[in-house]
Structure formats: structure tokens, C-alpha cells
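Please keep the sequence and the model in view while reading.

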Amino acid sequence: MQQKLNLYNTLTRKKEEFIPLHPPFVGMYLCGPTVYGEPHLGHARSAVTFDVLYRYLKYIGYKVRFVRNITDVGHLENDADEGEDKIQKLAKLEHLEPMEVVQHYTNVYHQDLDKLNVLRPDIEPRASGHIIEQIQMVQEIIDNGMAYESNGSVYFDVPAYNKNHNYGKLSGRVIEDLMANTRSTEGQGEKRSPLDFALWKKASPTHIMRWPSPWSDGFPGWHLECSAMSRKYLGTTFDIHGGGLDLMFPHHECEIAQSQASNNHTDAAKYWVHNNMITVNGQKMGKSLGNFINLSELFSGNHKMLEEKYSPMTIRFFILQAHYRSTLDFSNEALQAARKGYTKLMNGLNVLKKISYPEDPAVIEPDGKLNEELTKLAEECYRGMNDDLNTARTIASLFNLLKKINGLYLGQIKIEQLTRGTFDTMRETYQELVVNVLGLQEEQIGDMDEMLSLVLNFYKEAKEAKAYDKVDAIRAELKKQGIVIKDMKTGIDWAYEE
């Protein structure tokens, strides 16, 4: 495969060939969840998107260190510098220690992502476990003249930073416009400028989550943890920083500023990759808007917006059927269509198990045109992945390849018309991309092949005995499980209902 991976870099606003800083090694950081509630469909999109990127980078030969953090302190209400810590607020309501809340929802996050077949990161650091690193970074920024202490809190000095840097270059914001929009609040509170943001906050007497520092007993600002932890595990400069589009400003913008101000170097990450949002009737899905659906509710069907329950692999396919930079609008119809698409790909895997290249193929001249067509179809599957991780295009190409696979299975194409190399390329492309890159897997309980073999034997016996009532009953029961029986000239077989 001679194609090169290209990724859209939010920082440069264009697709760029992916060239790691230190090949074959790749460092990738993803902003993980703030663990104060169950993960919802929006969380799943980010997790699945970067899971596929992680899988694909490894598939094409890179050695990847994937870091995804857990935010367990410092994320205040409304993503602001004032207000109550989201985790502490819930802990008070539930009469729990904050770390009980953190552990519970971290476990839930892992369990739900495991169901979606999202691979665990190589390192999963917590903000509360890296207070020393964050205090060190704050001191570096102060020493470099781009932060100041005020009443025990420390704020990043955005105007001072902007004199020699460009605050807003990631999001496209212009500092003069930001100042104009916030001028009415200038001079209020502890900040010198309304654009300044907290690096360290002095804890109020009732604030539970607090640590000693040179400035006060307090806690780190929300933006700081990612700068400190990405540097610790990936170095001052690494390859990819990912996250949802809603984090681009201010979170990622502040990360860039913090890293430059502390290290006196260029951007921490070479490529900034952002997935778009999931919407409901055109409006962003999220906790603050009250229109979110937890993953557990999707799996159980227990939500007013759901007509039925949807399996984890249906959810994963739903996310992958759209390009990660496009919005993805939720609807029951879209999820039902995703289920059909997913089962079609699974049927393809099932068919591939049943066809093999003969050890002694019949003496038939290979069809040059057919072999060329199949090779191009396989290349097109990879072309989608290499074109900015376009899983929607890859899935469409896999469906095209599946038509040929079904043609071989049904005898419409003679396997001897293919060369062994073409057959192996077709098989590897389909299996590797569906299973190991897209991360889709069969959802079943027990040994389905053995169970279905037994049922099909009963079906065959009933049919031979002309016991058509039993034939119809077996068909009907299997259909309830999403399985259809296929009476073929070559025998009796089954497939998932599409």
C-alpha cells in the first residue's frame, strides 16, 4: 500500500500528510472525560473516533503511545474560573467523598467503552495524581512573565502572552474582538484582564479538593492538567492532540498558550485533530442542554427519545458511518439504518469464513479485468482511511467489495478466475478493516455457530419430512433473533437479517 495518511490539522486549517516527529514512534493525547456522570453518545463519538485513529496508526506500522486523561479535579461549573467543582458538587449531594464519585464514574466509563470495543489507552493519567507537575508548570509560567498571583490564585496573563505569540490561532479568535466582547467586565474580580484564565485557584473554606502550593491551599485550573500530563508522558512536543470540537476554545487554546509560556518552544502538538458534535434536531447533544442520552440508556432502550434498544456495535457503526469532522444527527431512523449496515458487514465476515482458495484450482485463465477491479476496490477501502480518516468512505468501499465476496459465495464468480494474491488481498482488506481498524465485532452469546448448526439440522429434517408447520415455526423463531434461513441450491445456510 503506497498511499499516505493525511489528517486535517485544525491548527493550519488544511489536510496534511502525517509525518511523525520521531518515526516509527507516535505520541497521541486525547482529552478524556470529567467523571461526574455516565458517559453519553457525545462522549462515545470522541472515544470511537480516536480509537479508530489509534488502531489505524498501529495497523500501518507505527508504535503508538496513546494517552487519554481522566479529569477528576478543577473542572468548575460552566467551564469557568468561578463556581463549584462539578465532582465536588455531586459528592455533596450524594454524601460521598469526591474520589468515590470519580472512581464510580470512571468504572462506568470503562465498562461502556469496553462494550463499544474501544481499546484502553496506553496511559490514563488523572489530574489529581499530577498536582506536583502542575504546580511546577505554573511556576515556570510565572518565571517567564506570563502569569501573576492574585489573592492566592494564579492567572495566565493573556495580553502579556499575546505580545509575542498568537492567542487564538487554533480557534481563529482575534484577541481584540474577544476584548471588545468582554469589556464590560474588565476590572472586576482578581483578574487583570477578562481574558485571563486560572492556572491555580485558592480554595474556599468549604472546598474539599485542595492541595498546598507556594500561593495557597487550592487546586489547579481545568486547562492546566492536559498541558502538564501530555508533557510528562509525551514530551514538550508530540504528534497528535485530539478532542471534541467543543474543546477547541477555550480549553485547547489555553493548552497551547500554557505550553508555549512554560517551555518557550513551539506548539506542544504538531497535529490538532477535532471530532465534530452529535446533534439532536440540529442542537448539540450535551449534559448542560439536557438533551443527552447515556450509553446505558441506548443499550437498554430506556429513554423517552428511543423507540427501542440499540446494541453497542450498532452505536459504533452509527458513529463511523459519518466522517468524524461532520455533525452527526441523532434519530431512531438513523440508528435503525446503522443496524442494517452493521449486520451487512457482519454477514460479509460470516461469508468469508465459508469460502477459501482451492489448493488445486481448476485450470482456468485468470480474469485480468476482474482481478484489476478487485485490487482497485481494496485500494479504495484504504484510500478512505488515508483521506483524513474518512470511515464513511471506507465503509461504502467495503460494501462494494462485499458485493464481489457475495458473488464468489453464490457462485456468480468462479474463484479460479482470481489469482491467489487477489483473493488474499480481498480477504485481508475486508477482515482487517472491519475487525481490527473499524473495531466492529460480532455480538453473540455462546457458540452461535454450533447452535445454528443444530437448528439448521432440525430445519432440514423438518423440510425433508414435509413438516411445513415446523419449518415455518423455526423460520419465525430465528427471525425474532434477527436471523434468516437461506434455502440455496448448494444447501441450507443462514444470515443476519438486514
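The text below treats the sheets, then the helices, then the salt bridges.

The model is predicted, so local features need pLDDT of at least 70, side-chain atom pairs count only at pLDDT 80 or more, and totals for chains, interfaces and linings use all residues. Residues are numbered from 1 along each chain as its sequence is written, and side-chain values use heavy atoms, with hydrogens and water left out.

Helices (H or I, at least four residues) and strands (E, at least two) are DSSP runs, numbered from the N terminus. Two strands pair if DSSP finds at least two bridges between them. Six bridges connect β9 to β10, and Gly243 stands opposite His274 in β10.

Angles run from 0 to 180 degrees between N-to-C directions, and axes are lines fitted to C-alpha atoms, for helices over the stretch in contact.

**The three-stranded sheet**

A further open sheet, of three strands, has the order β12-β11-β13 with mixed pairing. Its edge strands are β12 (283–284) and β13 (328–329), each pairing on one side only. Strands β11 and β12 run antiparallel and are joined by two bridges; Val280 has Gln283 in β12 as its bridge partner.

**Helices α7 and α8**

How do the helices α7 and α8 pack? Helix α7 (residues 224–234) meets helix α8 (residues 248–263) at an angle of about 55°, and their axes are 8 Å apart. That makes α7 oblique to α8, because angles under 35 degrees count as roughly parallel, over 145 as roughly antiparallel, 65 to 115 as roughly perpendicular and the rest as oblique. Among the residues in contact are Leu224 and Arg231 of α7, and His251 and Glu255 of α8.

**Salt bridges**

A salt bridge is a side-chain nitrogen of Lys or Arg within 4 Å of a carboxyl oxygen of Asp or Glu. The whole structure contains 25 salt bridges. In one of them, Glu133 pairs with Lys232, the closest N and O atoms being 3.2 Å apart. Glu133 lies in helix α4 (residues 131–143) and Lys232 in helix α7, so this pair ties together parts that are 99 residues apart in sequence.

Notes
Contact means heavy atoms within 4.5 Å.
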